[in-house]
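Let us walk through a protein model together. Keep the sequence and the 3D view side by side as you read.

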Amino acid sequence: MAISTLARPKATTFLSSRFLYSTSKYSFSLTRGFASGSDENDVVVIGGGPGGYVEAIKAAQLGLKTTCIEKRGTLGGTCLNVGCIPSKALLHSSHMFHEAQHSFANHGVKFSSVEVDLPTMMAQKDKAVYNLTRGIEGLFKKNKVNYVKGYGKLLSPTEVSVDTIDGDNTVVKGKNIIIATGSDVKSLPGITIDEKRIVSSTGALALTEIPKKLVVIGAGYIGLEMGSVWGRLGSEVTVVEFAADIVPTMDGEVRKQFQRALEKQKMKFMLKTKVVSVDTAGDGVKLTLEPASGGNQTILEADVVLVSAGRVPFTSGLGLDKIGVETDKAGRILVNERFASNVPGVYAIGDVIPGPMLAHKAEEDGVACVEFIAGKEGHVDYDMVPGVVYTHPEVASVGKTEEQVKSLGVDYCVGKFPFLANSRAKAIDDAEGLVKILAEKESDKILGVHIMSPNAGELIHEAVLALHYGASSEDIARTCHAHPTMSEALKEAAMATYDKPIHM
């Protein structure tokens, strides 16, 4: 019988209907024992990404003899090597260039000319990645985590065969094995990624020239971020999306404002559009498109095409079937509330199990998992995992969207406050966006917060903390916020939720 993530504690309120791994509902004692003076590990982690390396360090801090296996030879996984970190480096560098071109003069800073030095920009990105990966290796040494560089496959519930990067093979033994192998790029039928003209996010982070025309297939977080990078640097960017909206998980009202902001930056959108085929026979790339519902076909030309249609769990080739680990149709490992698979001693966390495919979610999974293994209590609540799109303006959210609240049939209040009325935003001439708060009408308990603004990814955490402690909008409204700050917009939106704002 498959073990499902649906096996969860009952909700105390409708807001907590996805409350996972409650510290009050479960107790767990370590039955497999600690290794003492043997070659066997207490914990073996397959995967050194944000989930894997964090849980390896936490396991060691909890007194467990720990080995982490990573195929890249550098720690940090997709996030640090070819994902979150390098993309944010390029987003920042390209934003600086765009600001120098379009905004500095408004602040009295003038240049006779400004140009992009792409090799230097890429070198700065690579330096950041290098320093951070080496930093994690230092943390492994500090915490006495054994690090094996190679590709790990399960031989049994207690053995992992590792083809090391130097060509050898070794077997790592462990009482508890945790699969933290992350995710991979989702491919599309008939489209072959060569990382030159048809690229994934990995290739988009390493282009040696600025493409004149860039087509992005997929209007999710990654596609919009990478489209922003190259659009700022001079590419003509067109986003092709099968769905009717960009970022379909985003609050509808915020999404519409976000799309308008990107369109003002000259990003073009072709929504409800399907890619039928891609032709790379010539110098460029020709995409054949048609409406998602069917109809006349059109041709769209590009120098580079970025395939950004999502990600899939990286679980193939790990030997899961060999030892009987159950997965769903998407290839995700089915686990219970303690991250345990159906095979005793085998666990999984992060992108290889259901839930948001986010680095910070994987970290929380990893910590909770090893806490359970060590006989302690773990806690993760997927309803309170913040999401951020790191464009400019950024969009960050936590909790329910208005559409989700409506679907629950709950009476609610909405409070909104535009950054056009925020003194700090006006002072720095960067006032596009808003804060939107949703609260239960009867109790005023906050259900969701959505922010579109510069640095929204930093501002959202006050809201995350508020949701974790079951705060009301009045709680935020009556909390003194420093002036002048962008965070005052959150206070004013909270005032608008339960009463009236002051500055609007």
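We start with the cores, then turn to a helix pair and some strands.

This model is predicted: local features need pLDDT of at least 70, side-chain atom pairs count only at pLDDT 80 or more, and totals for chains, interfaces and linings use all residues. Residues are numbered from 1 along each chain as its sequence is written, and side-chain values use heavy atoms, leaving out hydrogens and water.

The largest nonpolar core has 54 residues. Such a core is a set of buried Ala, Val, Leu, Ile, Met, Phe, Trp, Tyr and Cys residues joined through side-chain atoms within 4.5 Å. Buried means under 20% relative accessible area (1.4 Å probe, protein chains only). Among the residues with the most contacts inside this core are Phe140, Ile179 and Ile333. A second, separate core has 35 residues, including Met121 and Val389.

What does Ile333 touch? Beyond its neighbours within four places in sequence, its contacts (heavy atoms within 4.5 Å) include Ile179, Leu320 and Val352.

Now the helices, which are DSSP runs (H or I, at least four residues), numbered from the N terminus. H3 covers residues 84–102 and H4 covers residues 118–143. In H3, Ile85 and Leu90 are among the residues that meet H4, where Met121 and Leu132 are among the partners.

Last, the strands (E, at least two residues). Strands E19 and E20 pair antiparallel over three bridges; pairing takes at least two DSSP bridges. Gly387 has Ser397 in E20 as its bridge partner. A hairpin of four residues joins E19 to E20.

Terms used
Buried means under 20% relative accessible area, exposed over 50%, partly exposed in between (1.4 Å probe, protein chains only). Axes are lines fitted to C-alpha atoms, for helices over the stretch in contact, and angles run from 0 to 180 degrees between N-to-C directions.
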